[in-house]
Amino acid sequence: MAGETGPPEAGTGQVFPEQYDQQLQAKLAHVRELFAGQQLPEIEVFRSSPEHFRMRTEFRVWLQQDEAYYVMFEKNERNGSDDGAAGQADEAQPISSDTEQPAAAAATEDNTETTAAAADAGAAAAADEGAASDASQPAADAEQQPKLSSKQRRKLQRKRGKKAAKAAAAADDAKTRRFNRVRIDEFPVASQLICELMVLLRKELIAHPVLRDKVFQANFHSTLSKQAMVTLVYRRPLDDVWQEAARALRSRLLKALGPEACSQLHIVGRSRKQKLCVDADHVFERMEVAGRSYEYMQVAGRSYEYMQVEGAFSQPNGGVCQHMLNWAVESTKGSSGDLLELYCGNGNFTIPLAQNFKQVVATEVSKASVAAARHNIAANAADNIFLARMSSEEFTETWKVKGTRNRLAGLDWEQLSLDTLFVDPPRAGLDPATEQMLQDFEQVVYISCNPETLAKNLRSVAHSHDIVRMAVFDQFPYTEHIEAGVVIRRKPSAAAQFTGINQARTMLASMRTSRLAAAPARPNRVAILVPKAAAEVKQAPLLQRLGGPDAIKAAVDIFYGKVLADDRIKHYFESTDMVKQRAHQAAFMTYAFGGENKYAGKDMAAAHRHLIPHLTEEHFNAVVDNFVATLQELGVPQEDIDDACAVVATTKDAVLAE
Ligand SMILES: C[S@@+](CC[C@H](N)C(=O)[O-])C[C@H]1O[C@@H](n2cnc3c(N)ncnc32)[C@H](O)[C@@H]1O
């Protein structure tokens with residue numbers, strides 16, 4: 001490897017097997033630090049192969065007269081702030097091409113858009129002759145193409161549209177500030193197949209002007225099953241001549257590699273708003289059944305086949321992905337009920353996990369990934385998976401009210417018992433609403449490429465769930481990045497209290513509340529309990545219909561006023577700290593009626609067990625009478641009082657310890 005900008009920094013695409021253990025230990029220590037103060041089980045550690053572990057990688061192509069090189073970009077130490085494009089890169093590695101390349105070349109969760117954006121941005125910049133001294137060079141390269149002046153930017157905007165101009169300028173700016181270009185001749189972090197392809201492809205680009213002309217990016221994707229795909233991104237339109245040349249390229253590459261090294265090869269050409277394939281835009285990863293001598297790919301004793309589509313997400317480290325699948329399958333063995341999975345990608349986890357559940361509901365936002373997942377579900381004969389294309393945000397919103405959406409048509413919430421949640425989000429972790437949703441599940445399996453966001457998301461359920469299993473998977477050797485997996489389960493005390501309540505919440509959320517539109521007008525003095533507009537509350541959860549957490553607090557005050565005046569039960573509260581009691585009750589009701597879980601008190605059985613004389617049905621009914629009287633006094637419609645009583649009724653067995 002030679003560096004055009006001086007000797008490359010240690011680590012640029014190289015491997016250091018002798019440092020592997022030390023680096024892994026440092027990453028492990030960092031993960032422990034992030035979870036300091038929390039009770040952790042022993043952390044299971046899954047190592048990577050020390051070299052040739054990456055199944056996909058991307059490079060910029062640098063053209064110089066008749067020469068072609070692969071280049072990647074390293075952070076410029078002087079201007080290396082981590083804002084912007086590189087910070088948005090996926091869970092890949094800072095030293096490998098798909099994280100450190102700025103803007104257009106950085107890989108995101110859905111590389112399709114990124115690669116297309118790279119093609120668009122490159123094409124736009126190249127079209128501006130005034131901006132590039134040599135249009136055959138990578139348009140965004142700081143040395144070859146100076147920053148665009150404002151006049152040039154305006155011209156570019158007129159010619160190619162605002163969006164493309166912005167992308168080209170952002171790539172330019174980002175790279176100028178933050179990156180040094182480094183030439184890459186060897187890249188031993190990549191699979192053996194990619195390493196061989198890199199050498200062969202470079203010779204081909206040098207030898208064939210049609211393939212070389214205005215190419216600016218080369219993406220490699222390989223599988224453990226020995227299939228490969230090369231995507232070449234151009235700053236010019238592609239035509240039949242290119243397609244013919246690509247076809248010939250594919251034959252020569254296959255011949256040179258030999259069938260032992262590569263069983264299938266596809267070439268994809270991308271340019272602005274253009275994609276041509278020779279012959280396909282996907283590869284098939286295969287996981288052989290136990291007993292066949294295949295080093296990595298054995299999942300729970302049977303084999304799975306996955307279509308991996310060009311540009312869509314796939315786990316970069318094939319061997320480590322294998323460990324992750326096995327771990328997830330083993331961790332959920334013996335689970336009861338059904339599974340909800342968000343961020344399911346191409347069904348990587350979904351399909352092997354389906355064996356542990358009656359029914360699986362899986363969602364994913366990327367169109368390409370969903371298409372691949374549908375194929376993979378059918379190809380692996382998994383018949384208990386319901387798949388919907390939705391963002392986690394959209395799903396969470398629907399989940400809260402157990403509502404319907406076109407994309408969830410056919411899903412019957414009442415028939416499902418979604419006790420387990422599986423998430424594998426991008427680096428940013430869970431959005432706030434999805435984070436809040438964690439508390440609705442008995443068990444959550446969280447796979448994360450960013451332990452920082454993992455730790456942050458799990459803090460919100462530390463009071464209600466225990467971490468019962470934890471693992472680190474070294475997907476990204478020689479970088480500071482590491483993948484982690486955590487299984488959390490509801491604490492036993494919390495579990496007893498939530499069993500009935502959760503059923504009631506599910507039932508209530510699925511009730512049609514349109515009758516509210518006809519709700520009678522309520523007196524002014526209970527304004528706090530009156531939702532703003534009937535239209536707004538038509539489909540609202542019970543808590544909202546009752547006026548929200550503040551209204552519950554007010555209702556709890558009135559309720560205890562009545563309880564303390566009720567001869568049937570007032571003696572139970574003689575030595576009770578009523579300030580605390582009111583706060584506990586308000587938090588409990590808020591959660592039970594569909595709100596956030598901030599209840600930190602005892603479960604229902606434990607909270608009432610010590611009461612002498614023991615509570616009877618008569619006492620329970622007295623509490624309900626006061627509760628109903630409170631809601632009536634506040635003008636709550638009878639339908640909502642009935643719904644609220646249905647929730648209260650679910651606590652009866654625990655309160656009376658029946
Ligand atoms: C780390 S990948 C995991 C994919 C899959 N579990 C696998 O192992 O291949 C994260 C996935 O989340 C998807 N994604 C990103 N943002 C999302 C969102 N807001 N809602 C739903 N899915 C999203 C991406 O398209 C990507 O497929």
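Trainee: Which residues are the closest to the ligand, and how many residues surround the ligand?

Mentor: In this predicted model, 22 residues surround the ligand, and the closest are Y343, G345, N348, V365 and S391.

Trainee: What makes up the shell around the ligand by class?

Mentor: The shell has 8 nonpolar, 9 polar and 5 charged residues. Gly is counted as polar under the classes used, and G345 is among the closest residues.

Trainee: Why is C449 called buried?

Mentor: A residue is buried if 20 or more other C-beta atoms lie within 10 Å of its own; C449 has 24 such atoms within 10 Å, and therefore C449 is classed as buried. C449 lies in the loop between β15 (443-448) and α14 (451-459), and an unreviewed UniProt entry carries the annotation "active site" for C449. That annotation may be inferred rather than shown by experiment.

Trainee: How do you know whether D567 is buried or exposed?

Mentor: The cut-off for an exposed residue is 12 or fewer other C-beta atoms within 10 Å, and D567 has 7 C-beta neighbours inside that distance, so D567 counts as exposed. D567 is found in the loop between α18 (549-563) and α19 (578-592). Its C-alpha is 9.6 Å from that of A622, although the two residues are 55 apart in sequence.

Trainee: What is the strand order in the open sheet of 7 strands, and what makes β4 and β8 its edges?

Mentor: The order is β4-β3-β2-β5-β6-β7-β8, with mixed pairing. Both β4 (179-184) and β8 (274-278) have a single partner strand, so one side of each is left without a neighbour in the sheet. Neighbouring strands of this sheet are turned against each other by 30 degrees on average, with direction ignored.

Trainee: What makes β1 and β13 the edge strands of the open sheet of 8 strands?

Mentor: The strand order is β1-β16-β17-β15-β14-β11-β12-β13, with mixed pairing, and β1 (43-46) and β13 (385-389) each pair on one side only. The twist averages 15 degrees from one strand to the next.

Trainee: How do you know that β11 and β14 pair, and in which direction do they run?

Mentor: DSSP must find at least two bridges for a pair, and 5 bridges join β11 (residues 338-342) to β14 (residues 418-423), which run parallel. The bridge partner of D338 in β14 is L418. Helix α11 (residues 367-379) lies across β12 (360-364) and β13, running at about 165 degrees to β13.

Note on methods: Residues numbered from 1 in each chain as written. Predicted model: local features only at pLDDT ≥ 70, side-chain atom pairs only at ≥ 80, totals over all residues. Near = placed C-beta within 6 Å. Helix = DSSP H or I, 4+ residues; strand = E, 2+ residues; numbered from the N terminus. Axes fitted to C-alpha atoms, helices over the stretch in contact; angles between N-to-C directions. Contact = placed C-beta atoms within 7 Å.
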